[in-house]
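Visitor: Could you take me through the terms used for this model, setting each value against its cut-off?
Guide: Gladly; here is the structure.

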Amino acid sequence: DHITIEPTYMADVLDPNLSYKMYVKTPSGKYAVATDGTVLKEGVSPEKEYVVIAEEYGSYSVYYECEDVNKNKTIYSYVFTIVDVKAPEATISGSVTNAKVGDTIVVPSVSGTDDYTSVSYMISVKYPDSTRVTLKGNSFVATMAGEYTVIYFVYDETFNLTTITYVINVA
């Protein structure tokens, strides 16, 4: 994400010689770097536009301070937040498509990756009578004939979700 820090101007009718500063901090507490290479730390001009590439999720702080010759200060700050909205990527290693009543069906393992956080998963099975069961392991017993739907839920720490489903026909 590209975030534009707009230029700001400060004025005082009694003091035309104001001093002011600004800086931008990333969620990890470091100074942000603009796309032109400027490190946005104290001393950069607030009268210039800066574009920041938000490479971290979390809250960025923009801070301004203005001071007159009598040491009267005005402070203004704001925060913008970058949130993780990208779902993890997930794959399963094959699939069982046919079985018989009474078979123990071992479902394939799932793997997932995310661009920011770790991933977790849950496997659910929808039985032919629409009953849903969350697997505690990686297998279940086919107790009746019909169509079973295996559903993998893969989610990251901010609960972005990817699902993978496949059907097993039980005779």
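Visitor: How many salt bridges does the structure hold?
Guide: This is a predicted model, and the structure holds six salt bridges.

Visitor: What makes the contact of Lys-21 with Glu-42 a salt bridge?
Guide: The closest N and O atoms of Lys-21 and Glu-42 are 3.3 Å apart, and a side-chain nitrogen of Lys within 4 Å of a carboxyl oxygen of Glu is what the term requires, so the pair qualifies.

Visitor: Why is Lys-21 called partly exposed?
Guide: Its relative accessibility is 25%, and partly exposed covers the range between buried, under 20%, and exposed, over 50%, so Lys-21 belongs there. Glu-42 is likewise partly exposed, because its relative accessibility is 43%.

Visitor: What is the distance between the closest N and O atoms of Lys-21 and Glu-65?
Guide: They are 3.9 Å apart, which is still within 4 Å, so this pair also counts as a salt bridge. The pair links distant parts of the chain, with Lys-21 in strand 2 and Glu-65 in strand 4, 44 residues apart.

Visitor: Is Glu-65 buried or exposed, and why?
Guide: Glu-65 is buried, because its relative accessible area is 11%, and buried means under 20%. The side chain of Glu-65 also meets that of Lys-73 in a salt bridge, at 3.5 Å from N to O.

Visitor: Which residues are linked in a network of salt bridges?
Guide: The network links Lys-21, Glu-42, Glu-65, Glu-67, Lys-71 and Lys-73.

Visitor: What is the phi of Lys-71, and where does this residue lie?
Guide: Phi of Lys-71 is near 70°, a positive value in a residue other than glycine, and Lys-71 lies in the loop between strand 4 (58-67) and strand 5 (73-82). Most residues other than glycine have a negative phi. Lys-71 counts as exposed because its relative accessibility is 61%, and the term applies over 50%.

Visitor: Which loop holds Phe-159, and why is Phe-159 called exposed?
Guide: Phe-159 lies in the loop between strand 13 (146-156) and strand 14 (161-170), and has a positive phi of about 65° although it is not a glycine.

How values were computed: Residues are numbered from 1 along each chain as its sequence is written. This is a predicted model: local features need pLDDT of at least 70, side-chain atom pairs count only at pLDDT 80 or more; totals for chains, interfaces and linings use all residues. Side-chain values use heavy atoms; hydrogens and water are left out. Helices (H or I, at least four residues) and strands (E, at least two) are DSSP runs, numbered from the N terminus. Buried means under 20% relative accessible area, exposed over 50%, partly exposed in between (1.4 Å probe, protein chains only).
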